[in-house]
Amino acid sequence: MSRLLEVKDLSKSFIIHHLTKKMTAIETINFSLEEGEFIGIVGKSGSGKSTVLKSIYRTYLPEKGSILYNSEKFGLVDLAKLSEREVLYLRQHEIGYVSQFLNVMPRTTARELVEQAVIEMGRPKDEARQAAEDALTHFELDPELWDSYPNTFSGGQKLRLNISCAIVKKPRLLLLDEPTASLDDASKLRVREIIERLKIGGTTLIGIFHDLEFMDGLCDKVYDLQKKIVV
Amino acid sequence: MHDKPILQVRNLKKQYGPGCADCADPANRIIEKNHCPKCQTVYACRNISFDLHEGEILGIVGESGSGKSTLMKCLYFDEAVTDGKAFIRSYQGGQTNIFEESSQQHRFIRNYILGMVYQNPILGLKMDFSSVGNIAEKLIAAGDRRVKRMEERSKELLEHVHIPIARMKDEPKKFSGGMQQRVQIAKALSNNPPILFLDEVTTGLDLSVQASVLDLIKRIQRELGISMLVVSHDLAVIRMLANRTIVMLNGEIIEQGLTDQILEDPQHAYTQQLVYSLI
Ligand SMILES: Nc1ncnc2c1ncn2[C@@H]1O[C@H](COP(=O)(O)OP(=O)(O)OP(=O)(O)O)[C@@H](O)[C@H]1O
Ligand SMILES: Nc1ncnc2c1ncn2[C@@H]1O[C@H](COP(=O)(O)OP(=O)(O)O)[C@@H](O)[C@H]1O
Ligand SMILES: [Mg+2]
Ligand SMILES: [Mg+2]
Ligand SMILES: [Zn+2]
């Protein structure tokens, strides 16, 4: 096994100008991840779980520390300092992010959304079409929904679409930010199955799930944000 | 991944007015927002620098009067810059400052390399020419003389932007705002420019029309790989279109970054105000 990610002394605070307030979300976080591993992140609400994931994905600008990532394309890089262009490339080809929210484009069907994810990688249209159908079938989105607009989908359907969009790119590292929030138990179970399949397929994962039961037997290790240790 | 940007802009400045002792020195300027209360000189763009990469949509947001349209007009040579440099990769190997070129060369660049969709359709279209004629005009400027071919190409472009065949010979003055913007887009695309400037193309349109124009812009990026500079004061538009975003205030760039980062982790007080007022 080789190391895919190493988070070193990562800190992030937010400066809210109109309140002249600085609030620290996370402080000196350390953990690392081997290729193919699944690490869970736990901590009570507001402890900074999403902040960790968003800092890795660069939706948040990391403030201090480093996020060393072993990229297929660029070799060992620090995501905390990588250029925007390179971050965009990695999002396109190597690092995926899934949350419970869906970023919908107007007048874009579920099928088109997944196809676009492939086309953005520079793949031909017919390949994108096939890959999209495979992904939607694999994640069991009802084929009747493929050609409709996702803003009408239920939480579970949106999630399956979100995961399809991320997975169709075959990311090496997948970040999951409470994808099961607001799902019923049956849907949660299916998400669990999806994650198990991804693991078997070799994807490296970092996941936040607010019920710990869900993580049971799924994660290789768990990072506790409050205790700041891997348990 | 092509490393060299398709367009590089460095320290672009545009002022309206002569300046006076109070405002001439950029380092010790006493001005209100973007203008000098003493001599009324407006500093519409101050030291604007950025790169536009191949196939990318770069968003520019900012409040009214922040200098967005002025920047676009300078880049399209509608306005002469006060100072600054810009380089286009496909023009003389990206070695020549395009602002220092002759007006003849400016015409060449406009005809072959750039496309522009204006905030105000009156600036981009002849309102009482037919739509087909409007596009043919741009094709003629780019050296085309084959009437039949031009008409075909115009129709193909208008179809691409969903103007019904029956209305292609109509004058834009008879069209709705959304249709006018779509004709402008068709016209801008007619010479296959590698770079397209879009200034508030969806402003003032109702939501469903907005959606179809946004959809069209995304499709153009996807299918034609054109690099675009998209100006909007509407963050929702920027969020949907742009990979990276520049925030302007009083003629200056105050912040730039990945679009989701600008929206979720804005650094500058003004950007925070802009983003929080959205939620
Ligand atoms: N021809 C001109 N003469 C004098 N001042 C001008 C001229 N054109 C623009 N300005 C000034 O330059 C500044 C920038 O104007 P500009 O049109 O670029 O703003 P904008 O960011 O596009 O605003 P909006 O969102 O309202 O379109 C404003 O203060 C404007 O009044
Ligand atoms: N974009 C943001 N702007 C300002 N504060 C934020 C932002 N994101 C998170 N925070 C703050 O950082 C802390 C950690 O939040 P978060 O990472 O979302 O926690 P969790 O995911 O563990 O519930 C919270 O106090 C939250 O209010
Ligand atoms: Mg969270
Ligand atoms: Mg304007
Ligand atoms: Zn003055």
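This is a predicted model: local features need pLDDT of at least 70, side-chain atom pairs count only at pLDDT 80 or more; totals for chains, interfaces and linings use all residues.
Sorted by class, the lining of the second largest cavity holds five charged residues, two nonpolar residues and one polar residue.

A search of the whole structure turns up two cavities of 30 Å³ or more. The largest cavity has a volume of about 50 Å³. Around this space sit I56(A), Y57(A), R58(A), L79(A), V87(A), L90(A), R91(A) and I95(A). In chain A, α1 and α2 (84-93) are the elements that give two or more residues to the lining of the largest cavity. The largest share, three residues, comes from α2(A). By class, the lining of the largest cavity counts six nonpolar and two charged residues, with no polar ones.

The site is shared between chains, because residues from both A and B surround ligand 2.

Several polar atoms of chain A approach oxygen atoms of ligand 2, beginning with the backbone. A backbone N or O atom of G48(A) is 3.0 Å from an oxygen atom of ligand 2, and a backbone N or O atom of S47(A) lies 3.4 Å from an oxygen atom of the ligand. From the side chains, a polar atom of S50(A) lies 2.8 Å from an oxygen atom of ligand 2. Taken alone, ligand 2 exposes 560 Å², and the protein buries 72% of that area.

Attention now turns to ligand 1. Of the 14 residues around ligand 1, S64(B), G65(B), K68(B), S69(B) and T70(B) come nearest. For S64(B), a polar side-chain atom lies 2.5 Å from an oxygen atom of ligand 1. For T70(B), an N or O atom in the side chain is 2.5 Å from an oxygen atom of ligand 1. For S69(B), the distance from a polar side-chain atom to an oxygen atom of ligand 1 is 2.7 Å. Taken alone, ligand 1 exposes 640 Å², of which the protein buries 64%.

In chain B, β2 (42-52) and α1 (68-75) each supply at least two residues of the shell around ligand 1. The largest share of that shell, three residues, belongs to α1(B). By class, the shell around ligand 1 has eight polar, three nonpolar and three charged residues.

Chain B also contributes to an open space in the structure. The second largest pocket holds about 370 Å³ of space. Among the 16 residues that line this pocket, the closest to its centre are Y76(B), R110(B), G124(B), K138(B) and K187(B). The elements giving two or more residues to its lining are α2 (103-112), α3 (121-124), α4 (131-141) and α6 (177-189) of chain B. By class, the lining of the second largest pocket has seven nonpolar, six charged and three polar residues.

As for the overall build of chain B, this chain has ten helices and nine strands. Chain B is as compact as a globular protein of its length, because its radius of gyration of 19 Å is close to the 19 Å that the globule rule gives for 279 residues. Along the principal axes, the C-alpha atoms of chain B fill a box of roughly 60 × 45 × 40 Å.

Definitions and conventions. Residues are numbered from 1 along each chain as its sequence is written. Chains are lettered from A and ligands numbered from 1 in the order in which they are written. Side-chain values use heavy atoms; hydrogens and water are left out. On a 1 Å grid over the protein atoms alone, a cavity is a set of points where a 1.4 Å probe fits but cannot get out, and a pocket is an open set with protein on both sides within 12 Å along at least five of seven lines; lining residues have an atom within 4 Å of a point. Grid points are joined across faces, edges and corners, and a volume is the space filled by probe spheres set on the points. Helices (H or I, at least four residues) and strands (E, at least two) are DSSP runs, numbered from the N terminus. Ala, Val, Leu, Ile, Met, Phe, Trp, Tyr, Cys and Pro count as nonpolar, Asp, Glu, Lys and Arg as charged, and the others, Gly among them, as polar. A residue is near a molecule or strand if one of its heavy atoms lies within 4 Å of it. A polar contact is a pair of N or O atoms within 3.5 Å; within protein, one must be able to donate a hydrogen and the other to accept it, and residues adjacent in sequence count only if both atoms are side-chain atoms. Accessible areas come from the Shrake-Rupley method with a 1.4 Å probe; for residues, only the protein chains shown count as cover. The radius of gyration is taken over C-alpha atoms; the globule rule is 2.2 Å times the number of residues to the power 0.38.
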